[in-house]
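Hi there,

Here is the structure I promised to pass along. Have a look at it first, and then read on for my notes.

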Amino acid sequence: MKTIDFKRARGPDRMRVYAIGDVHGRLDLLQAMHRRILEENEKSPPFDWVVVHLGDYVDRGPDSKGVLDYLVNAQKKTHRMLTLAGNHDVGFLQFLDKGDAHGVFARHGGRQTAQSYGVTIDFDEPASISAGRSALLRAMPPEHVEFLSGLRRSTVMGDFFFCHAGVRPGVDLERQNPEDLIWIRWEFLDDPHLHSKVIIHGHTPASDVEVRPNRVNLDTGAYASGRLSAIMIDAEGKSFLEATV
């Protein structure tokens, strides 16, 4: 199998690709990053361009509802906004379906997501969980459920493979388990071997963007750090963007 490292990897022809790390309810940072992207395009107009969002739009931060509103509306206006699934996005859907008191939504930031819709849930009280799930289903625009249900697990552009969490080492990219693409962690992060594409991912917060020969981690913990990170890939090379407010 042919492999490639980050230094040699190239984007698709006549296309500038931006990829944005985990947002987690930080609408302010997502808007700021989109402004940065437009500024970059004004400075050096590309032939064409696309933005890949790496998932985890909800939970932990203060405005998950606002983030989903923003992305839904952005996709109505342009075909250039691609959105991938993160484990928190899938966990939100699973909570709406089952009301699981022990899933990622209940235990890792779903309280803030519910509050952004005007719903308060005590995840230690079964009655509150049931009532909160029903209230969320009433409060959420159908477009938000449709958006979350339609998220892709990965996409490929040029020499880069984009997903939320990473890939299972030793498995062809075309044969990856969809659950690994949103959940895998140390088996992927600790593996030094090159893949057939360079993996652009988030999922595991780091103090700065991590660049390795086989992968780039764009999750800089935006909900807590106040820093949202992105990569720009085009014929001129690769560079990184950061949004703060």
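A quick definition before the notes: rings of Phe, Tyr and Trp (its six-membered ring) are called a pair if their centres lie within 6.5 Å. Please keep in mind that this is a predicted model.

With that in hand, a search of the whole structure turns up seven aromatic pairs. One of them joins Phe92 and Tyr117, with 6.4 Å from centre to centre and 50° between the planes, which makes the pair tilted. Planes under 30 degrees apart would count as stacked and over 60 as edge-to-face, so the 50° found here falls into the remaining class. Phe92 belongs to helix α3 (residues 87-98), while Tyr117 sits in the loop between α5 (110-116) and α6 (126-139), so the pair ties together parts that are 25 residues apart in sequence.

Are these two residues buried or exposed? Phe92 has a relative accessibility of 0% and counts as buried. Tyr117 is buried as well, at 8% relative accessible area. Both residues also belong to one aromatic cluster, made up of Phe92, Phe95, Phe105, Tyr117 and Phe123.

As a general point, two packed helices are described by the angle between their axes and the distance between the axes.

How do α3 and α6 cross? Their axes come within 9 Å, at an angle of roughly 110°. That makes α3 roughly perpendicular to α6, and the crossing is left-handed. On the α3 side the contact involves Phe92, Phe95, Leu96, Asp97 and Lys98, and on the α6 side Ile129, Arg133, Leu136 and Leu137.

Helix α3 also meets helix α7 (residues 142-149): the axes of α3 and α7 come within 9 Å and cross at roughly 125°. These two helices are therefore oblique to each other, and α3 passes α7 in a left-handed crossing. Here Asp89, Phe92, Leu93 and Leu96 of α3 meet Val145, Leu148 and Ser149 of α7.

Arg14 lies over the face of Phe47, 3.7 Å from the ring centre. Lys238 has its charged end over the ring of Phe6, at 4.8 Å from the centre of that ring.

Notes:
Residues are numbered from 1 along each chain as its sequence is written. This is a predicted model: local features need pLDDT of at least 70, side-chain atom pairs count only at pLDDT 80 or more; totals for chains, interfaces and linings use all residues. Side-chain values use heavy atoms; hydrogens and water are left out. Helices (H or I, at least four residues) and strands (E, at least two) are DSSP runs, numbered from the N terminus. Buried means under 20% relative accessible area, exposed over 50%, partly exposed in between (1.4 Å probe, protein chains only). A charge sits over a ring if NZ of Lys or CZ of Arg is within 6 Å of the ring centre and within 35 degrees of the ring normal. Axes are lines fitted to C-alpha atoms, for helices over the stretch in contact, and angles run from 0 to 180 degrees between N-to-C directions. Angles under 35 degrees count as roughly parallel, over 145 as roughly antiparallel, 65 to 115 as roughly perpendicular and the rest as oblique. A crossing is left-handed if the near helix is turned anticlockwise from the far one by less than a right angle, and right-handed if clockwise. Contact means heavy atoms within 4.5 Å.
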